Amino acid sequence: MNLIIENTKAILQERGLKQKAFAKKAGYTEQKFTRKMSGRSPITWKDILNIANALGITPNELFGIKIEEDA
């Protein structure tokens, strides 16, 4: 799940979002989200959905998978 953590942190940084504010938007306390982003607490499939939804992206994008749509 390190890939999820790395990609989440990169997206937050790209968008200029603070982890504390984002944690609340994703439905976590700051402490719980920090534990997940530091690898001290496991990331579940539900966490992946929560994070992706809060970022407005697909779970695939958290894994670094970009699907091109035909025009």
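Q: What should I know about the numbering and the confidence limits?
A: Residues are numbered from 1 along each chain as its sequence is written, and side-chain values use heavy atoms, with hydrogens and water left out. The model is predicted, so to speak of local features requires pLDDT of at least 70, side-chain atom pairs count only at pLDDT 80 or more, and totals for chains, interfaces and linings use all residues.

Q: How many salt bridges are there, and which side chains meet?
A: Side chains of opposite charge can pair when their charged atoms come close. Here a salt bridge is a side-chain nitrogen of Lys or Arg within 4 Å of a carboxyl oxygen of Asp or Glu. The count by this rule is 1 salt bridge. Lys-36 and Asp-47 form a salt bridge, at 2.9 Å from N to O. This pair links distant parts of the chain, with Lys-36 in helix α3 and Asp-47 in helix α4 (residues 45-55), 11 residues apart. Helices are DSSP runs (H or I, at least four residues), numbered from the N terminus.

Q: Are Lys-36 and Asp-47 buried or exposed?
A: The scale is relative accessible area: buried is under 20%, exposed over 50%, and partly exposed in between (1.4 Å probe, protein chains only). Both Lys-36 and Asp-47 are buried.

Q: How do I read aromatic pairs, and how many are there?
A: Rings of Phe, Tyr and Trp (its six-membered ring) pair if their centres lie within 6.5 Å; planes under 30 degrees apart are stacked, over 60 edge-to-face, and the rest tilted. That rule gives 2 aromatic pairs. One of them joins Tyr-28 and Phe-33, tilted, with 5.7 Å centre to centre and 35° between the planes. Tyr-28 counts as buried because its relative accessibility is 9%, and Phe-33 is buried too, at 0%. Phe-22, Tyr-28 and Phe-33 make up one aromatic cluster.

Q: Which residues form the surface patches?
A: Patch residues have over 30% relative accessible area and no salt bridge; like charges are joined within 9 Å, and nonpolar side chains (Val, Leu, Ile, Met, Phe, Trp, Tyr) within 5 Å. Lys and Arg count as positive, Asp and Glu as negative, while His and the chain ends are not counted. Lys-32, Arg-35, Arg-40 and Lys-46 form a positive patch. Lys-32 lies in helix α3 (residues 30-37) and is partly exposed, at 37% relative accessibility. Leu-3, Phe-63, Ile-65 and Ile-67 make a nonpolar patch of about 370 Å². Phe-63 sits in the segment after α5 (59-62), and its 35% relative accessibility makes Phe-63 partly exposed.

How values were computed:
Areas by Shrake-Rupley, 256 points an atom, 1.4 Å probe, with all protein chains shown as cover. Charge placed at Lys NZ, Arg CZ, Asp CG, Glu CD. Helix = DSSP H or I, 4+ residues; strand = E, 2+ residues; numbered from the N terminus.
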